[in-house]
Amino acid sequence: MKEDNFENVLRELVRDLDLPPEPPREAMWFVISAARSPQARGERRSVPFRLPVWARWAPALAAALVIGIVLGRLTDFPSPSVTSPAGPPVAETMPEPAAENAYQLVTMQHLTSAEALLAAFPVDARAGRTGEVAVWATDLLTDTRLLAETPAGEDPQIRRLLGDLELVLAQIAALRDAPRGEDVRLIEDGMNQNDVLVRLRAATGNDVVNGNLMGES
Amino acid sequence: MPVSEGRRAAETGSGVVVEERRLIERVLAGDPAAERALYDAHVDRVYRLCYRLADGDVDLAQDFTQETFLRAFDRLAGFRHASALSTWLHAIAVSVSLNGMRRHRRRRERETGLEGAEAMQEKPTAEPDLKDRLKAAIARLPEPYRVVFVMYDVEGYTHEEIGQVLAMPTGTSKARLSRARARLREELAAFAGE
């Protein structure tokens, strides 16, 4: 093939190369924010404790906000520095365990928040606080869907749990419009049938083994 | 050679530089909104570069992009404005992507070693078309040639930009592009001539 012909062929081929898909901006930002949180630097998660009913979902709200926004200013990934903006590519990557820890951390934060919300839901709903719970469920629902698209969702058990959690949260979020006693009962039935709360507690370590810590002995 | 998005205008206008400096100052002062603004301003282009260098693997591209920004935020205090922020970010993206791809290939080779026997028995798929052959040929290019080819011919960087990102003279970028095209020509010549 002559050089000119090849240039033309190459030009057309390059033009036809697959376009990159739309960047998953929110999902990536979600992970970046979580990885930069102080917790991602290795701080231990505090031992959960039972809060008064009225306040039970407040820390969950705070925890989930943590997931969605930038929490911290510092990270502590042990990697060498880029010494020059225009320096040559050098052998430096964030250690894989650090990235995995970030996903695990954000998953645990999220599931802990969800557990707190679902645990408080029956009481809050009957006390007429469905509006507040529904707002919070809406936020958690967004995070649940984002998490399912990250590597955290590649774990089959976590993926199933997130799927079931998504359904429950969607139902609770819908209570904002026209809450009825029957709706609350149906949501509770759905939670019980799928053992969502039990599985959340097992996933976060707040199961019966830790019952005393939760005041559920 | 014309490229997908055309050569971009240099972003070193004084207004842009001032805005960029202010944004960086806000990020360094701990303003989360500024962090997000910086991310929003650059994520698309960084993702595109990572996607190309990851040979079109969307999962790898996502990982590389995330790592690029984590690294960038971590080291922003050391950014000396010797180049545009985008150049600095793209240098990190290239570094992260190339290292990530090396890791990925090593992992894949280990897996292939284990599953090689099975793979050998699989029936060949349909004859790839010229576009598929080009993608495969690009992926097989030696790394220094592949990076320059992808950046120049596919993503539309100038040789000057490539020189800054990869820290090499413009002439080296041109030479590598020429060699990359020559290799692709050899690989595709028989097929394209049919």
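Helices (H or I, at least four residues) and strands (E, at least two) are taken here as DSSP runs, numbered from the N terminus. By this reading, chain B follows the pattern α-α-α-α-α-α-α-α along its sequence, with eight helices and zero strands. The structure is a predicted model, in which local features need pLDDT of at least 70 and side-chain atom pairs count only at pLDDT 80 or more, while totals for chains, interfaces and linings use all residues. Residues are numbered from 1 along each chain as its sequence is written, and chains are lettered from A and ligands numbered from 1 in the order in which they are written.

Two residues are in contact if their C-beta atoms, placed from the backbone, lie within 7 Å. Among the contacts in chain B between residues at least 6 apart in sequence, 67% join residues at least 24 apart.

Within chain B, helix α2 (residues 32–53) packs on helix α3 (residues 58–75) at an angle of about 140°, their axes 9 Å apart (axes are lines fitted to C-alpha atoms, for helices over the stretch in contact, and angles run from 0 to 180 degrees between N-to-C directions). That angle makes α2(B) oblique to α3(B); angles under 35 degrees count as roughly parallel, over 145 as roughly antiparallel, 65 to 115 as roughly perpendicular and the rest as oblique. The residues that form this contact include Tyr39(B), Val43(B) and Tyr47(B) of α2(B), and Phe64(B), Phe69(B) and Phe73(B) of α3(B). By class, the contact of α2(B) with α3(B) has 11 nonpolar, two polar and one charged residue (Ala, Val, Leu, Ile, Met, Phe, Trp, Tyr, Cys and Pro count as nonpolar, Asp, Glu, Lys and Arg as charged, and the others, Gly among them, as polar).

Turning to chain A, helix α8 (residues 196–204) has Val196(A), Leu197(A), Leu200(A), Arg201(A) and Thr204(A) buried. Seen down the axis of α8(A), these buried residues fall within an arc of 135°, so they line one face of the helix (the arc is that of the directions from the helix axis to the C-beta atoms). Gly205(A), with a positive phi near 85°, follows α8(A).

The axes of α8(A) and helix α6 (residues 156–174) of chain A come within 10 Å and cross at roughly 135°, which makes α6(A) oblique to α8(A). Here Leu161(A), Asp164(A), Leu165(A) and Val168(A) of α6(A) meet Val196(A), Arg199(A) and Ala203(A) of α8(A). This contact of α6(A) with α8(A) comprises five nonpolar, no polar and two charged residues.

Terms used. Buried ≥ 20, exposed ≤ 12 C-beta atoms within 10 Å, placed from the backbone.
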